[in-house]
Amino acid sequence: MQEQEITIQDVINKRKEHARRVDTKLIQRAFQLADDKHKDQCRHSGEPYIIHPLNVAYILADTGLDDNTLCAALLHDVVEDTEVTDEDIRKEFGEEIADMVAGVTKLGEMMFTSVEERQAEDYRKMFLAMGKDIRVILIKLADRLHNMRTLKYLKRERQIANAKETMEIYAPLANRLGLYSMKWELEDLAFKYLYPEEYHELVEGINKKREERLQFIEKIMDDIRVALKKQHIEAEVTGRAKHLYSIYRKMKRDNKTLDQIYDLFALRILVNSVKDCYAALGVVHELYNPMPGRFKDYIAVPKPNMYQSIHTTLLGEKGTPFEVQIRTWDMHRIAEYGIAAHWAYKEASYFSGRKQAVKVEEDKLAWLRETLEWQKEMQDPQEFLDTLKTELFEDEVYVFTPKGAIKVLPRGATPIDFAYSIHAEIGHHMTGCKINSKMMPIITPLKSGDIVEIITSDHAKGPSRDWLKFVKSSSAKNRIKSWFKKAQREENIEKGKEFIEKEIKRIGLSHADLFKNEYIDPMLEKYRYKNLEEMYAAVGFGANSSVKVIARVLQEYRKEHKEEDLEEKMEVLRKQKDKKTKPSNSGVVVKGIDNCLVKLSKCCNPLPGDEIVGYITKGRGVSVHRKDCVNVKDLLTEENRMIDVEWYQEAKETYDVNIEVMANDRSGLLVDILNALKESKAKLMGVNTKTTKERIAMMDIALEVENIQELNQVQKAIRKVDSVYEVRRKK
């Protein structure tokens, strides 16, 4: 149906397809208010604005959502774009509809220090509203879907910005909620605007061989139907083309052309029971050979977004692969509409008129509950946005407790993540782990199917800061950080006070000028601090920056002082935020400290490109070690003296390094090795050689190199020399 053709009657009719009772008068009343208030407004296409809320409501009606959600969809822009207030909506339509409209409405005009901060606050607000009522995000997704369908009317830069946000946030969110039909369309539309050339090439390429592929899939479908009928399995067999973005992603991932991608179609078998799912699987495996490693049983182990289905990839004629998905009708409804279908299913109005919203406490929404937990802790908008994107995109691994309970963790998760997923105290007291009954390091990446047992001790001192480098789940990171915040609260408060005082002096004000109750209370409220001590601790710990805190206080200060004075001070803050710490003479940046004495430790000779840590020595500045240095383990016991350091990207220093070469001795060996060194930029400083009784040549070669990449090239070149069997960097 074309968007211009959608009417309020279409919305109501679509709603009636999913429910016995429909409050037509309520929906009509919401439409009349929206139509009246938007009457003088037009979209970028020049069409009446009311077309947009009508289409959003129609998308939601098609997924089976209730009357109140459709009303909120019709009204979702009136508070933001017209003179209608939140109070008006509450008075006219009640709390439930008004809360949904408020959840979808963007933040009002507030001063933010950056675009990221505004964007993060919008998402944060959306997630909090989601926590109260999941339907808020369903309206937001339908709103985004219709906007993407009409993106052609916007300027190119807006098209790219919207498409990028859709690909990074909204499509993954639809995926996490199990709304696959929305996810696929959002991805394809974003793909069309982000990569227009690749999109059109793909469409043309698929259309060229469409008939040939359809004949291939039709024959397979007919064969499967006949085989299922023989086994008295009642089933519907359908075929669909895979969506464009998934094909493009597969081509990029496997470095293949379209002609090399055969499974462009997926077959779907819909049956009446779980028993029939496995019976149908047996039938198709008898007809066609399954591809090893391409079988997934999401019925036995459902995805966190409630998706259930059996996936198997089979080999057709001439070895052409194709995918088959087998599921029940109920699973199919959930697979298409995800949480929306689950909500509609639970809606008791089908029978009694009583409504029952899906709350985030339900196990099926555990990932959302965790998201709400960690977002409360993050004041840094960039960190929040980065973590949000990671959380939404993360693939999962399915691991088991010794008693057989399933835990779903992000791909690459470690036993540390597993421990914290059970309980924070298990994580804090963890001392070791067993994976599949074997003692393993606690930083071992877990694989699906692993059975993990956590070993704890009452005498454990708590987590290590190093754990933060290995854990993948936001909940584990959040709980480890919380432990350190509590453990070092007093120290963090003092640090925070120092940072705040430094920032106040930098902008030429005094503590007495700025820290008045009327100025600081809005700042405490914005960042959700109970008191000043909590704010100081957060700044000292690094969970928020002094720049952002002072920027918010200055917003209140401006109300009683000249505008130009404030702008000047805000500019000082912005420059401070953008200022980069200067590197030391050794080409290493000590985070947060300028002009610091830095020495590269002789025990491990770190090079640019190596992962490094800093250790604050007594009176000799910061000593820099490689993370894999044997001495670092001893230093980690003094965690308060460890400091973050990094290589300065623009540095062009040279560094001493020694490599050890072992080879079977032969005539001309040294000459060949020296010739191999000539190929690189590395400067030869000395060679020391000796030969054992067993005729093994051992060489110690001293070099000057610029970075780890240059050293790797040298080692690679020497390994190619005949008779050389080992080249390694000396510790």
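The model is predicted, so local features need pLDDT of at least 70 and side-chain atom pairs count only at pLDDT 80 or more, while totals for chains, interfaces and linings use all residues. Residues are numbered from 1 along each chain as its sequence is written, and side-chain values use heavy atoms, with hydrogens and water left out.

A search of the whole structure finds ten aromatic pairs, where rings of Phe, Tyr and Trp (its six-membered ring) pair if their centres lie within 6.5 Å, and planes under 30 degrees apart count as stacked, over 60 as edge-to-face and the rest as tilted. One of them joins Phe-191 and Tyr-199 edge-to-face, at 5.5 Å centre to centre and 75° between the planes. Both residues, Phe-191 and Tyr-199, are buried (buried means under 20% relative accessible area, exposed over 50%, partly exposed in between, with a 1.4 Å probe and protein chains only).

Phe-216 and Phe-322 also form an edge-to-face pair, with 6.3 Å between centres and 80° between planes. Because Phe-216 lies in helix α13 (residues 210–230) and Phe-322 in strand β5 (residues 321–328), this pair ties together parts that are 106 residues apart in sequence; helices (H or I, at least four residues) and strands (E, at least two) are DSSP runs, numbered from the N terminus. Phe-216 is partly exposed at 23% relative accessibility, whereas Phe-322 is buried at 1%.

Eight of the eight residues of β5 are buried, so this strand is largely enclosed by the rest of the structure. Strand β2 (residues 265–271) pairs with β5 in the parallel sense over six bridges, and two strands pair if DSSP finds at least two bridges between them.
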